[in-house]
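Subject: Structure handover and findings

Hello,

Here is the structure I promised to pass on.

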2 protein chains.
Amino acid sequence: MSNPMTVSAETANLSARVRRSCFFDATVRSGVKAFTAYNHMWMPTLFEGAVEDYRRLTEGVTIWDTAVERQVEVKGPDAARLMQLMIPRSLDGWKVGICRYVVLCDETGGVLNDPVALKLAEDHFWLSIADSDILLWAKGLALGRGFDVTVEEPDVSPMQVQGPLSTDLMRDVVGDWIDGLKFFHFRPFDIDGDIPAIISRTGWSNERGYEIFLRDGRFGSRLWDRFMTAGQRYGAGPGAPHQANRLEAGMLSYGADMDRSNNPYELGLDRLVDLDGAHAFIGKAALARIRAAGVSRVLVPLALDGPALAGSNTTRWPLTGPSGPGEMTSAAYSPRLAKNIALGYVAAGDRAVGTRVTITSPAGPITATVATAPFVTTSKRA
Amino acid sequence: MSNPMTVSAETANLSARVRRSCFFDATVRSGVKAFTAYNHMWMPTLFEGAVEDYRRLTEGVTIWDTAVERQVEVKGPDAARLMQLMIPRSLDGWKVGICRYVVLCDETGGVLNDPVALKLAEDHFWLSIADSDILLWAKGLALGRGFDVTVEEPDVSPMQVQGPLSTDLMRDVVGDWIDGLKFFHFRPFDIDGDIPAIISRTGWSNERGYEIFLRDGRFGSRLWDRFMTAGQRYGAGPGAPHQANRLEAGMLSYGADMDRSNNPYELGLDRLVDLDGAHAFIGKAALARIRAAGVSRVLVPLALDGPALAGSNTTRWPLTGPSGPGEMTSAAYSPRLAKNIALGYVAAGDRAVGTRVTITSPAGPITATVATAPFVTTSKRA
């Protein structure tokens, strides 16, 4: 299986137009084989190979350069007002030290991004963003409203430590307190006393894992090497977001699975929209109309019949269900399920688990069944 | 010379996360060899080879898929107000049918984008953008201010026809009226009576050329093929933005030569800022402070000594001038000058033409001289 997001890793081919992360040199030393451009920055996507990278991620522990998850920092007296204006979830009761998965919508209810948000203080937030310039969105809204808030991209570079052995590796580096860090909680911590970071129990995999939000890019190589060295006893190695693994979790990829033409109800993200609260947010009226009218298509997990796919899809593949047409957005072969799994839009009448659909792949028709995610239950949330 | 923005053109490697242009299939048929991701979309960067593509562009006529230049459409009663809020140039006297090169700045005076703007009607504009999500910026400002305006990305896909023979090819396809179309003017025109387009005398090359803003993506392949066929008598072929050619013109590449950390004065774009007019715009106060204080570095064209570069730079290269340090942002070998040319930041005291600097390339030091652009004068503006 080839990684779906590949660019030759020959750095001679990497345009200077796209930024390099503070971990770039370290990942080159660690043998990165492919990059993708994400938030105007190069991100590694492949090291030893898709199968080898998968095995290490699902059985051991992997270290990822995810500095492309740029942080949009919202800080100041009106910070909470701006956050609530952008986020359809009610932010009441959100405590400092907690991460929240949110969607940001425009005035039509279309999804602009699906970041993880961190509340660092009552007047201080980060949005850890997918691939769209939320910095400009947040700045535009803040300036337009005349809010007393600063919106900036700070010098913060997330590195992920993902895999079932991630807690063991983290404990060796940062100490026993990591055992008490609950899923979607975070804590500021200076690694080795001088590498400034925020450490959260989050990550873009289906495995137990952490994100280390490095707060000073000058420490990039040192932080990477620290974990690679400490991880040797666990067989740790470099890794990257993995299509099969994230599909096992049913995690969405902005751009691949949804964009501005989709609303949260189509994505099955109803829980991220609170229409009935008193708070106002961008898109509320549009989302109320959409909820009242009902959606005509829904994104669902799909289990595919047939032999292993050789790679991932490079375009959306049409599909047909009992209630009408749809399209598959992302697919990959899951080694531990020994099955191809996917996400795709089906007609709303076909959303029930067990519904059979037929996907038209370039190689011919593939039958598939609407499933539930996660496909594999791990120690991720334990 | 290799193209600086290369991704394998094996479409099996192109992630579905990045959008395809309406000309995608046509460019694959025409032998595209490399793509870059730009505005969340794949753009061809190489066809026969960098030298062959250059020769056709500078001696004949080339056809480019530049659909990645997404249009941000601003339309409605407050459209002109929103445009003036975003643009530091005074928009007084801007007539329908005229393009303007503009910069957009944030509240710190940092450059967010450098689009070409088209005025389609008194209440209807397009921003033909470089690689940042100005759609979100414009939407945020409009929603924040409560302006009565719609901001959307319409179904518009620019295709460029660039090269000294471009007028001949255009005349054959659209008629004699093209001879009267002045530089930076545009006109709506339905090609062959049914392909809806806006045609402008603009383009991202140092050659005479046109942009065809296709207004319905369903015609992508037909439009491409129409020009490839009509162009046979001129030796026309596929092409793409070309690093050496755009450097000959002194044209800036957003992301490579500047970003939000730069202001228009550093870029030598003083003419695009009108601080003394009565109109308000985002960043005016900051830009007034910057002008008063003076800038410490300036982006200048550089002529490099030494043998031809094998490719382009993939990172910025440090440089040193009599007044202090700087950095080279973009470089390439110009075949018709038989010389390496570049853009780079020098200390403000070193901006005078003829100043000598030393660039530290990975292969060793390169001496260079501050020059004037365009390096080559063509029929572009005639």
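First, the ground rules. This is a predicted model, in which local features need pLDDT of at least 70 and side-chain atom pairs count only at pLDDT 80 or more, while totals for chains, interfaces and linings use all residues. Residues are numbered from 1 along each chain as its sequence is written, chains are lettered from A and ligands numbered from 1 in the order in which they are written, and side-chain values use heavy atoms, with hydrogens and water left out.

**Sheet in chain A**

Helices (H or I, at least four residues) and strands (E, at least two) are DSSP runs, numbered from the N terminus. Two strands pair if DSSP finds at least two bridges between them. Chain A has an open sheet of five strands in the order β5-β8-β9-β4-β10, with antiparallel pairing. Its edge strands are β5 (99–101) and β10 (150–152), each pairing on one side only. From one strand to the next, the twist averages 20°. Axes here are lines fitted to C-alpha atoms, for helices over the stretch in contact, and angles run from 0 to 180 degrees between N-to-C directions.

β5(A) and β8 (residues 116–121) of chain A run antiparallel and are joined by three bridges. In that pairing, Arg100(A) faces Ala117(A) of β8(A) as its opposite number.

Contact means heavy atoms within 4.5 Å. Helix α4 (residues 134–145) of chain A lies across β4, β9 and β10 of chain A, and runs at about 165° to β10(A).

**Strand β8 in chain B**

Five of the six residues of β8 (residues 116–121) of chain B are buried. Buried means under 20% relative accessible area, exposed over 50%, and partly exposed in between (1.4 Å probe, protein chains only). Three bridges tie β8(B) to the antiparallel strand β5 (residues 99–101) of chain B. There, Tyr101(B) stands opposite Val116(B). β8(B) also runs antiparallel to β9 (residues 124–128) of chain B, with five bridges. Ala121(B) is opposite His124(B) in β9(B).

**Barrel in chain B**

Chain B also holds a closed barrel of six strands, β16-β19-β18-β17-β20-β21, with antiparallel pairing. Neighbouring strands of this sheet are turned by 40° against each other on average, direction ignored. Strands β16 (residues 297–304) and β21 (residues 364–370) of chain B pair in the antiparallel sense over three bridges. One bridge there links Leu304(B) to its partner Ala368(B) in β21(B).

**Interface**

How do the two chains meet? In chain B, 43 residues are in contact with 43 residues of chain A. About 3800 Å² is buried between the chains, and carbon and sulfur atoms give 53% of that area. Buried area is the accessible area (1.4 Å probe) that two parts lose on being put together, summed over both. Arg17(B), Leu136(B) and Thr314(B) supply 20% of the area that chain B buries against chain A, more than any other three residues.

There are eight salt bridges between chain B and chain A. A salt bridge is a side-chain nitrogen of Lys or Arg within 4 Å of a carboxyl oxygen of Asp or Glu. The side chains of Lys139(A) and Glu107(B) form a salt bridge at 2.9 Å, N to O. On the side of chain B that touches chain A, α4(B) gives the most, with 10 residues.

**Two residues to look at**

Glu207(B) sits in the loop between β13 (195–200) and β14 (209–214) of chain B. Is Glu207(B) buried or exposed? Glu207(B) is buried, with a relative accessible area of 4%. Its side chain makes a polar contact of 2.8 Å with that of Asn245(B), and another of 2.5 Å with that of Arg336(B). A polar contact is a pair of N or O atoms within 3.5 Å; within protein, one must be able to donate a hydrogen and the other to accept it, and residues adjacent in sequence count only if both atoms are side-chain atoms.

Ala363(A) lies in the loop between β20 (356–361) and β21 (364–370) of chain A. Ala363(A) is exposed, at 78% relative accessible area.

Best wishes
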